[in-house]
Amino acid sequence: MSDGVVIPQSPVGVQQPEADRIVRRPSVLLLLLREPSACVALMTVVTILLAALFAPWLAPGDPYGGDLALTLQPPGELALLGTDGQGRDMITRLLYGLRTTLMIGFAAVFIGCGIGAVIGFAAAYYSRLSGLLMRLMDVLLSFPAILFGLAIAAIFGPGLTAVIIALSIATVPLMARVVRGAAIVVMQQDYIEGARALGMSDRRLILKHLLPNCLSAIFVFVTLRFGQVILLGAALSFIGLGAQPPTAELGAMAADGRNFLFFAPHVSVLPSLLIFIIVLAFNVLGDALRDALDPKLNK
Amino acid sequence: MTKPLLELEDVRKLYPVKKGLIVQKEVGTVRAVDGVSFQLMSGETLAVVGESGCGKSTTARLAMRLIESTSGTIRYDGQDITKATRQDMRRLRRDMQIIFQDPYSSLNPRMTVEEIIAEPMVVHNVGDRASRRDRVRELLRLVDLAPYHADRYPHEFSGGQRQRIGIARALSVSPRLVVCDEPVSALDVSIQAQIVNLLKDLQKEFGLTYLFISHGLAVVKHVSDRVAVMYLGQIVEIADKKSLYDNPRHPYTQALLAAAPEPDPSRRTAMKSLGGDLPSPLNPPSGCRFHTRCPLAQERCRSEVPALREIGVGHRAACHFAESVPAFDRFRNGEGIHPRLQERLALYARHKAALATASA
């Protein structure tokens, strides 16, 4: 059966109309850059990440020590974005706050969505486990994230670890539900049965067939959840369960500024604006990435 | 065609129906496949025909052990596969492949055609990367697609082309048995013929054995050597193609034959198509399962279950009156045409004649 096999290569000078028609699919990055909004989001995200990464080098001042003689300075020549209630430079605080906030967001989404995805796939693939796992998820789902924060802060003491653990736990059941729902739809497709008929391992079936076809649902949820987690983390810091002073964290900073909202709005508004930009950029990027990864939407 | 490649013996698949949220009570069983036996000889095509819900697809999946049978034995090449271990089954799966009905959901949209066709080889460790690449291109040519199609994704193809990709995937590991689960039902008629011819050519070339599932007898006539007709989870008639089409002995087979569309109106018969729906397999009728819809049903049919018995050479039917069922002739020329249809034809002839005189 292996005779007469000719692989279409392009010998010099030979016209090969078939080979000419092979159009290489553009890379994911290229597809992303075609969309203007995705382009902007990507640049914003990269800038935010770089800023957070190099905060100690970029920051003009000390995030913890301030000049108490120069509190609540409005943005101006003394400090480009002003100073906060304890005379600390806002730019420095924002850069360090960005680090903490992003760390909370990434850690909680990574841990929570990771565990949630495993549970979701297990519940969809092994139908025998489904009842037990999903009822467990329902139990978790019935507690608000703030309550988890309270309970875990009571055990470990308030701080970043408590926030990350609480938000991870709150993310697990949501992720598990999203993944299970998407996976169950995919499981009914013939190609899953075909994969079974081939006798492939469960591992290969889940990783090669189930997961890639659930990706769009997962992407939408993860990016959406990233924004929510940052907001929730900010809320936990706001009520004093999260980042403890003097740690810079965007939510805590927004909370600090609420007493001076009328005469020094920049103390609250700037960190809030930054949170807004982060959440928006990640959401737009996530949507664009989902489209770029879907072969059906590639033109 | 000497020894059976696949043999089913009294295979059953029962689904318990449960009620209750916490304490589940069994309230009944759906008898999806209820005592099916047949032999599939090496190199032949056995078609399994029946209306939707009769258990033909379930039978196919049972034969491949994609679902576990409740009871009965399934022998592949003489080996009972109902008790085969996972490892044994894995090895056997290389030998038996499946082609699906729906060309849209049977190909993973996230994989390129090359990945799809090469996957059975990857799973069964056949060849290395380069030889698999060559094989994919060879297979594409075999199913009348072009090698440059290998880098594309399934959504870039039409239904017929996708079905060809599915066939190429099934053939990539050189199987002996191919289960075709209504491979042409989702395609339009012109494409159906292409795919059927392709399947026939491939069978001739590679000595494949087909278990061909279909809901109509028309397509089957072209591909099969033998035909089994299923009704409500049981085989009601099984025979070689010629005797089944020329001399159907079960009233249900006759009804199925009569239901096949006939393009020539002058050859349409007045045989009434079956009324009613397929009875629920949850609570099948007593006696002969077909008696509720059978035009010839008698008292005995209500109480006594007919056995699938030999009524001719290689021809078995499950009807008490298999010998006395009136002969079926769907092509009784002229006579038997519905009076309404006759009126219409006369009207048309008159109209034509009037047009002819007017223009002359």
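Which residue, with a positive phi, follows helix 1 of chain B? Arg65(B) follows that helix, and its phi is near 60°.

## Basis of the description

This is a predicted model, in which local features need pLDDT of at least 70, side-chain atom pairs count only at pLDDT 80 or more, and totals for chains, interfaces and linings use all residues; side-chain values use heavy atoms, with hydrogens and water left out. Residues are numbered from 1 along each chain as its sequence is written, while chains are lettered from A and ligands numbered from 1 in the order in which they are written.

## Chain B in outline

Chain B has 360 residues, of which 49% are buried (buried means under 20% relative accessible area, exposed over 50%, and partly exposed in between, with a 1.4 Å probe and protein chains only). Its secondary structure comes to 11 helices and 12 strands; helices (H or I, at least four residues) and strands (E, at least two) are DSSP runs, numbered from the N terminus. Along its principal axes, the C-alpha trace of chain B spans about 70 × 65 × 50 Å. Among contacts in chain B (heavy atoms within 4.5 Å) between residues at least 6 apart in sequence, 66% join residues at least 24 apart.

Helix 1 of chain B covers residues 56-63 and is mostly covered, with 7 of its 8 residues buried. These buried residues include Lys56(B), Arg61(B) and Leu62(B).

## The largest pocket

The largest pocket holds about 850 Å³ of space. Pockets are found on a 1 Å grid over the protein atoms alone: a cavity is a set of points where a 1.4 Å probe fits but cannot get out, whereas a pocket is an open set with protein on both sides within 12 Å along at least five of seven lines. Lining residues have an atom within 4 Å of a point. Grid points are joined across faces, edges and corners, and the volume is the space filled by probe spheres set on the points.

The lining of this pocket comprises 22 residues, and Arg196(A), Asp202(A), Leu66(B), Glu68(B) and Arg86(B) lie nearest the centre. Two or more lining residues come from each of helix 6 (127-141) and helix 10 (202-238) of chain A and helix 2 (86-93) of chain B. Helix 2 of chain B gives the most, with 5 residues. By type, the lining divides into 9 nonpolar, 5 polar and 8 charged residues; Ala, Val, Leu, Ile, Met, Phe, Trp, Tyr, Cys and Pro count as nonpolar, Asp, Glu, Lys and Arg as charged, and the others, Gly among them, as polar.

## Nonpolar cores

The largest nonpolar core has 65 residues, and those with the most contacts inside it are Leu98(A), Leu102(A), Phe121(A), Leu210(A), Leu250(A) and Ile278(A). Such a core is a set of buried Ala, Val, Leu, Ile, Met, Phe, Trp, Tyr and Cys residues joined through side-chain atoms within 4.5 Å. Helix 5 (90-125) of chain A is one of the elements that give two or more residues to this core, and helix 5 gives the most, with 14 residues. Leaving out residues up to four places away in sequence, Phe121(A) touches Tyr126(A), Val179(A), Ala183(A), Ile206(A), Leu210(A), Leu211(A), Cys214(A) and Ile218(A). Another core lies apart from this one and has 56 residues, among them Val173(B), Leu199(B), Tyr252(B) and Phe328(B).

## Two buried residues of chain B

Arg289(B) is found in the loop between helix 9 (251-259) and helix 10 (299-303) of chain B. Arg289(B) is buried, with a relative accessible area of 11%, and its side chain reaches the backbone oxygen of Leu232(B) at 2.7 Å. Beyond residues up to four places away in sequence, Arg289(B) touches Arg31(B), Asp34(B), Tyr231(B), Leu232(B), Gln234(B) and Pro284(B).

Cys180(B) lies in strand 7 of chain B and counts as buried, at 0% relative accessibility. Apart from its neighbours within four places in sequence, Cys180(B) is in contact with Ile99(B), Tyr210(B), Leu211(B), Phe212(B) and Ile213(B).

## Backbone features

Most residues other than glycine have a negative phi, and most peptide bonds are trans. Asp10(B), in strand 1 (residues 4-19) of chain B, has a positive phi near 50° and is partly exposed at 37% relative accessibility. Ser174(B) also has a positive phi, near 50°; Ser174(B) sits in the loop between helix 5 (159-171) and strand 7 (177-181) of chain B.

In chain A, a cis peptide bond joins Pro245(A) and Pro246(A), with omega about 10°. Pro246(A) lies in the loop between helix 10 and helix 11 of that chain.

Key:
Polar contact = N/O pair within 3.5 Å; in protein donor to acceptor, adjacent residues only side chain to side chain.
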